[in-house]
Amino acid sequence: MRLPCPLCGERDRREFYYQGHATMLDRPARDAGIDAWDDYLHNRDNIAGEVEDLWHHEAGCGAWIKVTRNTVTHEVSGAKLVNGARK
Amino acid sequence: MRVAGKGLNAHGAPVTFTFDGTTFEGREGDTLAAALLANDVRLVGRSFKYHRPRGILTAGSEEPNALVTMGTDAAQDPNIRATTQEIYDGLAARSQNAWPSLNRDVMAVNDLLSPFLSAGFYYKTFMWPKSFWEKVYEPIIRRAAGLGALSGATNEDTYEKAFAHCDVLIIGAGPAGLMAALTAARSGADVILADEDSQMGGRLLAETYDVDGQAGADWAAGIVEDLRGMANVRLMTRTTVTGAYDQGTYGALELVNHHRTPNAAVPRECFWRIVAKRSILCAGALERPIAFPNNDRPGIMTAGAVRTYLNRWGVAPGKSVTVFANNDDAHRTAVDLVDAGVTVAGVIDSRADAPQFGDYPVFKSGLVIATKGRLCLESITVQHSGGTRDIRTDCLAMSGGWNPTVHLTCHMNGRPTWDDYILSFVPTDGSIPGMSVAGAASGVFSTHGCLESGIKIAREVVLELGLTAGDIDMPSADDSAYRIEPLWQVEGKGRKWLDFQNDVHVKDINLAAQENFRSVEHMKRYTTQGMATDQGKNSNVSALAVLADATGRGIPETGTTTFRPPYVPVSIGAMGAGAQGHGFAPERHMTSHHATLDRGAPMIEAGLWYRPSYFPKTGETTWLESCNREVNMVRNTVGICDVSTLGKIDIQGPDAAAFLDFVYCNTFLTLKENRVRYGLMLREDGYVMDDGTTARLGPNQYVMTTTTAAAGQVMKHLDWVSQALRPDLDVRFGSVTEQWAQFAVAGPKSRDLLNSILDQGIDGESWPFMACGDVQISGVAGRLFRISFSGEHAYEIAVPSRYGASLFRQLCAQAEAMGGGVYGMEALNVLRIEKGFITHSEIHGRVNAADIGFGRMVSQKKDCIGNTASQRPDVVGGEREQLVGLKPIDPKGKLTAGAHLFVDGADAVRVNDQGYVTSVCYSPTLGHDLALGFLLDGHNRHGETVQLVDHLRGVETVCEVCHPVFLDPDNTRAKETSNG
């Protein structure tokens, strides 16, 4: 498996650490309430199809990236820096 | 026997080797199988379950029978296919699964018991008594059934792994692969051409066809030379592509030194990971046997293999050969044998309109209904349009047709498609993204078709890569039609073998169907059809056909089992190359490593780091004696400890303080320059991630320390927070763990010691507790931090790593001169438990700040990671297990880590569980055991007694619950300011 790091180009997946769904980018406000925080911290959909998930280029440039990936076909259709991805 | 003048290696030098202790001569270029057949050795192994005599079936990596063991002791290597192993001088191979010898194998009694050993017999027979399975049945079955054995010794061979990248990977170098490689290479693509054989050419090496007016093998050699001369082509022989993976990644096994005398300096195998923009599978096709009664006797081979031995190695596998087939292709075997002067006693063709291509008898509508010969084929019984007759023959070449080698196309869950014309499965388009299929692997069987398909597919591929396809002339070659009629099994008395390696025959498949294991995947598991080293390469399609027949379905509806990587067996040693023994994990050594070993300290692992456990002195017989001495030394004089393994992160920028405020739950904005503060780091769910101190070295520069265990995790976390959550903050940071060597100098005499080595002395007033700053040691710029993990008046001194070893020796020498010395992890642990300092034994991922008594550290004046979750109702209001100290009521009482806590007098059972112990030590300072642990509502239970119970070690001790700080609760020692 290979992932396209926006800074380093396509690299072997062994260079990356897998975090989980990109939901983690949408950190609720401090006072968003218990349900919003519960969803943010704990609740994830288990999608068969296109997902956006977070990887850390740990053995590379150190970038956190948001990867668009299909869990059925394993196709990787893109990756962005989380920094840019938030905007 | 050899046929004079035949074979590509007809002029090969003589090579001497042994098989089962007997010395034989072969020729350079022979496989072990070819050399054995040249010496008329037919019997090469005993079968897996019934110990039936077996010979060589094929001439390739799909071989199910001819498996041998090479090497002895640690180098013992079982299940080597004689059909791919090249011989070299001194090669020694042994047969497998036979005792006392191949000719007289006592376990052949299994064959007589076969009516009781049908498919599923384990499940039916060895049901009871239950305890007999592991102790009695399994060991017996394992000894009786099996392939080669491992030595049990550590493998000391060298293996290698490597990576390669290319535009086009071409898998297989037969006619299609060679043309595809030439086309892609001439178009300017970077090409890797991999073939599992030692010589490229595929079937062209085994046939007598001409290509472009030359012998096929010569033509292939010419193309290979052309390719070798091109800078954009890498030729990889003895390299089997074993698996297709995501995003154009392929696994490949190169047998680097199997074909030469073992040599420790040369890797035996190399496992490649090849990344290719596109790939073309040109893996050819595999011939399938026919299931007729007793079709497994040595001497019965696939028809293609018989002519491979003849044409490539000049070996006739028999003196009087018969052929049994349902297709035209097998007639080539008869034609080639006759041309070479070998007797062909008949071609038994199941078709009524069987052709006649040469001067040999053809039995139309013919079937082989019986065979004879105990250790080697002697005769066959043939039923044909003219009646029934026996034919004396010592070699029967059989062909049930050819199966395209579709395996790699199925590695990503693709399913092959049934093709009624060739009566086999062909790859389904798009099964592997980026992979195309050409030649026989795609169901095109004529030489002309293969060459043409190689060019055509390669042209498509290079165009897709944006290159201009080079001009390639189509070579002239044979274009005979592939004519075949279905023939899957022949009725008759005796077992009709399908999977030779697993001893599965037609009746087993029928039994599976009858017992309702009708799904092909169930049938496979019930019968073991298609398992082990050959993975059913010869037998799967025929077995499916039999199952289809037994269940009244068509073959396409029956479907195939799942082909998974690897295509051929891959040694774990090759896949894990470099990771054996010490290579399993890198070792991180501190700068004091050698000095520490010199002092005889046993090392313990802390993650990848190696740290000293304790430093034994003459006369000390237990670790505890050393540990107690080291603790007393720190409490009374001074001790030195290398703490370089703690993570150190340099954080700089105008927003560095704001960043720290966001990652730590307590406040850092107020931290002054040249001061250090303890920080508690939470996860977003409110649980504690790590703790450590952070020093402010300048207006915009901080250095954070992490625990040894969590250094990597914290770095990753800071990257996350900075990039994903707070990109607004102007801050940069990097790990400097390796750049600084840092030593704790702890004890009442620590300042005296430092003043003996610092260029400029320090005093208590200018260097109070939690001060930090720059210092000079013999002119070297270092850093000093007045922090304490022992509770004593203590410092940590840091110098660039290259000075670490010398500073350590200097510190130790000074400490010893002052009555102190160096201490290890055991003493460090006791010192911190006495002071109630936590480590990851306590912050183990399930405790929050409040649980460890730090609830008020979570500042509510600011947001931080974990702030909101720390206010969860169950954290704030719920009854939780909280950090407490424990001491035995009886000073001799034993405390153990991992023990659980119960109300005194309650049954020590799960429902009464009140908490658990995380850290224990014997405190030489207090004279009894101490423990830290978590107790339900523990903060409110100081003074109560609880029962500590360790069911594993049989310990029960009544303890008093107390504050976790056992020693100097006001911290007066660490805060010492006098200058005395």
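1. Chain A holds an open sheet of 4 strands in the order β3-β4-β5-β6, with antiparallel pairing, where strands are DSSP runs of E with at least two residues, numbered from the N terminus, and two strands pair if DSSP finds at least two bridges between them. The edge strands are β3 (17-21) and β6 (76-81) of chain A, each of which pairs on one side only. From one strand to the next the twist averages 30°, with axes fitted as lines to C-alpha atoms and angles taken from 0 to 180 degrees between N-to-C directions.

2. This is a predicted model, in which local features need pLDDT of at least 70 and side-chain atom pairs count only at pLDDT 80 or more, while totals for chains, interfaces and linings use all residues. Residues are numbered from 1 along each chain as its sequence is written, and chains are lettered from A, with ligands numbered from 1, in the order in which they are written.

3. Between β3(A) and β4 (residues 50-56) of chain A the antiparallel pairing extends over 4 bridges, and H21(A) stands opposite D53(A) in β4(A).

4. Helix α18(B) packs on this sheet, touching β3, β4 and β5 (64-70) of chain A, and its direction makes about 85° with that of β5(A); helices here are DSSP runs of H or I with at least four residues, and the helix axis is fitted over the stretch in contact.

5. As for the interface as a whole, 18 residues of chain B are in contact with 17 residues of chain A, contact being counted if C-beta atoms placed from the backbone lie within 7 Å. On the side of chain B that touches chain A, α18 (711-725) and α22 (867-870) of chain B each supply at least two residues, and α18(B) gives the most, with 6 residues.

How values were computed. Contact = placed C-beta atoms within 7 Å.
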